[in-house]
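Visitor: I would like to learn how to read a model of this kind. Please take the features in turn, with the general idea before the case.

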Amino acid sequence: MPRPPAADPLEAFTEDEVRACVDYAKPRQRWGLAGYGTDLLVLAALALTGPGRAVVRGVAGLAGTWAPGRVVLATLAVLAVRAGVGLPFSIRAFRQDARAGLATQGLGGFLRDWAKGRAVGLVLTVLPLAALVLGARWQPPGWPLVAAAVAALLVLALAVAGPVLIEPLFNRFSPLDPGPLRARLLELAATMRVPVGDVLVADASRRTTRVNAYVSGLGRTRRVVVYDTLLAAAGPRPPDGSSSGSDEVTLVVAHELAHVRHRDVLWGTVGAAALAAVSVLAAIALFDLAPVQRALGVTGLGDPLAAPGLLLLAAVGGLAAAPVASAISRWAEARADWVALEVTRDPATAVAVERRLALENRADLRPNRLLMVMFASHPTTMARIAQAWHWAERH
């Protein structure tokens, strides 16, 4: 899979288009980094400082001496503080979207979705973390290998159940109407030897004008999901031979099916499960160290007030692993782009898709290299366009 260097954005965009995207993306990145850094500081304050630990201890004390209640309340205290501190950054991002015309819902709708997201995160954090702390406290037979195995199984279960239980909380899904496009997408999946149970349309337009598609679920539960915003321009190929909306939808879906064909979703899920198991073993080992216990002000992992320290270590570990995870993700995305080109043999549409994604999603057309290395899950727009041009030259 060739990966040519990214071209200059002025080779595919006008100066005004580049300026509009950069003017939107750069402030958003700055505020995103500020929010990320603030979150880390909040975790550090709650886990490492006397006043921070006092706040957690005070909330946990409402449960008296009942250990499970203390663990749950300590975790809730940390999550509540993080959510409260992070909300202004989220509102700022929403207002920027609204000013740019990317947000189609009001502040009330945004806050409802934000609250649902926090509620889901609360459940997915409190239950596993409380189980880990209480397990360390009571040390059941087989500990800590049992804890690692349970963590891995939870990740696998979430991968299977997420599309059914979590996705409907944020979007309504309906089958794509029978017609040429549905038949074309199902035929594409069959050609790529990817079993697909259904093609669904997500009502993303109630929140945003951004366009996207993805494949979710495993095995028989797998479905192709297309944003209604992406479908909005779908239609037959124009008489001049330029790419149509249907061609763009097909190429985007081919990219997503390529991930399944190469088992990116499966290996990503397995990798996440393995990482969860290793993280649990690492946490157990770290909390056995006296210096870590002193720094976090706890007696060990079984301490009901271990939640702030656990969440801080998880955040720091995630930051340390980010460059590796991002590099793997960018490589997988570039490979999926190449497979989509091989299947559709339509580089002109690939370039049109990247232009549309960049302009409608306000992508950063002059990205910072360090931020790319640390956090970018996809190649830059111009790297993807250069790959399409390279494919065209070879064929």
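This is a predicted model: local features need pLDDT of at least 70, side-chain atom pairs count only at pLDDT 80 or more; totals for chains, interfaces and linings use all residues.

Visitor: How many helices and strands does the protein chain have?

Guide: Helices (H or I, at least four residues) and strands (E, at least two) are DSSP runs, numbered from the N terminus. The protein chain has 14 helices and four strands.

Visitor: What does the radius of gyration say about the protein chain?

Guide: The radius is taken over C-alpha atoms, and the globule rule is 2.2 Å times the number of residues to the power 0.38. For 395 residues a compact globule would come out near 21 Å, and the 23 Å of the protein chain agrees with that. Along the principal axes, the C-alpha atoms fill a box of roughly 75 × 45 × 40 Å.

Visitor: What share of the residues is buried?

Guide: Buried means under 20% relative accessible area, exposed over 50%, and partly exposed in between (1.4 Å probe, protein chains only). Buried residues are 44% of the 395 in the protein chain. Accessible areas come from the Shrake-Rupley method with a 1.4 Å probe, and for residues only the protein chains shown count as cover. The protein chain exposes about 19,300 Å², and carbon and sulfur atoms supply 65% of that area.

Visitor: How are cavities and pockets found?

Guide: Rolling a probe the size of a water molecule over the atoms shows where empty space is left. On a 1 Å grid over the protein atoms alone, a cavity is a set of points where a 1.4 Å probe fits but cannot get out, and a pocket is an open set with protein on both sides within 12 Å along at least five of seven lines; lining residues have an atom within 4 Å of a point. Grid points are joined across faces, edges and corners, and a volume is the space filled by probe spheres set on the points.

Visitor: What volume does the second largest pocket have, and which residues are closest to its centre?

Guide: Its volume is about 1,300 Å³. Of its 45 lining residues, Ala363, Asp364, Ser377, His378 and Pro379 are the closest to the centre. Helix α12 (347-361) is among the elements that supply at least two lining residues, and its seven residues are the largest share.

Visitor: How does that lining divide by residue class?

Guide: Ala, Val, Leu, Ile, Met, Phe, Trp, Tyr, Cys and Pro count as nonpolar, Asp, Glu, Lys and Arg as charged, and the others, Gly among them, as polar. The lining has 25 nonpolar, 11 polar and nine charged residues.

Visitor: How many cavities of 30 Å³ or more are there?

Guide: The search finds one. The largest cavity has a volume of about 90 Å³, and its lining includes Leu46, Arg53 and Gly309. Helix α2 (50-60) gives the largest share of this lining, three residues.

Visitor: Is Ala350 buried or exposed?

Guide: Ala350, in helix α12, is buried, because its relative accessible area is 8%. Contact means heavy atoms within 4.5 Å. Leaving aside residues up to four places away in sequence, Ala350 touches Leu251, Leu341 and Ala388.

Visitor: Where is Leu289?

Guide: Leu289 is in the loop between α9 (264-287) and α10 (290-296). With a relative accessible area of 42%, Leu289 is partly exposed.

Terms used: Residues are numbered from 1 along each chain as its sequence is written. Side-chain values use heavy atoms; hydrogens and water are left out.
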